[in-house]
Amino acid sequence: MRELKGRSSEEEMIHMTGVDQEEYVVESIIAHRGGPRKKSLEFQVRWLGYGPEDDTWESYDNVKELEALEKYLEAVKDS
């Protein structure tokens, strides 16, 4: 299970629960996919210190409170 939460305006953390208990920093959200309902939306997350091959798709519920999502939606709206 993953739990995402905002850490600061500069960086955001994801806490992985499981065997290794690692923490990962969200660098940015770079894409989205899915239908018009928020429950079916997914966002592609780029992790700080990792390359594109390590991007993951996260549900709206996992990213809805992140500042990275706000920045991504603002950029998409402006383009």
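1. Basis. Residues are numbered from 1 along each chain as its sequence is written. In this predicted model, local features need pLDDT of at least 70 and side-chain atom pairs count only at pLDDT 80 or more, while totals for chains, interfaces and linings use all residues, and side-chain values use heavy atoms, with hydrogens and water left out.

2. Fold. The protein chain has 2 helices and 5 strands (DSSP runs: H or I of at least four residues for helices, E of at least two for strands, numbered from the N terminus). Read from the N terminus, the order is β-β-β-β-β-α-α.

3. Burial. Of the 79 residues, 32% count as buried (under 20% relative accessible area; exposed is over 50%, partly exposed in between; 1.4 Å probe, protein chains only).

4. Aromatic pairs. The count is 4. Rings of Phe, Tyr and Trp (its six-membered ring) pair if their centres lie within 6.5 Å; planes under 30 degrees apart are stacked, over 60 edge-to-face, and the rest tilted. F43 and Y60 form a tilted pair, with 6.5 Å between centres and 50° between planes. This pair links distant parts of the chain: F43 lies in strand β4 (residues 42–47) and Y60 in helix α1 (residues 60–63), 17 residues apart. F43 counts as buried because its relative accessibility is 3%; Y60, at 18%, is also buried.

5. Other rings. Y24, W47 and Y50 form one aromatic cluster. The charged end of R33 sits over the ring of W57, 4.1 Å from its centre (CZ of Arg or NZ of Lys within 6 Å of the ring centre and within 35 degrees of the ring normal).
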